[in-house]
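Here is a short briefing on one protein model.

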Amino acid sequence: MQNPAFAAEYKRLEEQEQLMASLKAQREAQNLTQKDIAEKTGMKIQNVSRLERGLVRPTLDTLSRYANALGGRIEFVLN
């Protein structure tokens, strides 16, 4: 963590993991399956699973489609 580039990348990945965990939790709270999300987004079920497990780096478009399938949206907030 002493390397600034490494620390920045680590933080970015951590934020991405938190976002996907929130999306998955909301999917489960709405009693939706990965298949439901796949159908609403036009993605394959396997890709929804990979997203939720953190095996792929989603694009902003993919995250937005997932959020829209839940009735939400991705929003930028300054700290």
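Accessible areas here come from the Shrake-Rupley method with a 1.4 Å probe. On that basis, the surface of the protein comes to about 5,900 Å². Carbon and sulfur atoms hold 51% of that surface. The model is predicted.

**Overall architecture**
- The protein has 4 helices and 0 strands.
- From the N terminus, the order of elements is α-α-α-α.
- Along the principal axes, the C-alpha atoms fill a box of roughly 45 × 25 × 20 Å.

**Burial and contacts**
- The protein has 79 residues, and 25% of them are buried.
- Take the contacts between residues at least 6 apart in sequence: 52% of these join residues at least 24 apart.

**Charge**
- The protein carries 12 positive and 10 negative charges.

**Helix α4**
- Helix α4 spans residues 60-69.
- Its buried residues are Thr62, Leu63, Tyr66, Ala67 and Ala69.
- These residues sit on the same side of α4, because they cover an arc of only 160° around the axis.
- Just after α4, glycine 71 takes a positive phi of about 90°.

How values were computed: Residues numbered from 1 in each chain as written. Predicted model: local features only at pLDDT ≥ 70, side-chain atom pairs only at ≥ 80, totals over all residues. Heavy atoms only, no water. Helix = DSSP H or I, 4+ residues; strand = E, 2+ residues; numbered from the N terminus. Buried < 20%, exposed > 50% of the residue type's maximum accessible area, 1.4 Å probe, protein only. Contact = heavy atoms within 4.5 Å. Lys, Arg positive; Asp, Glu negative; His and termini not counted. Charge placed at Lys NZ, Arg CZ, Asp CG, Glu CD. Arc of directions from axis to C-beta.
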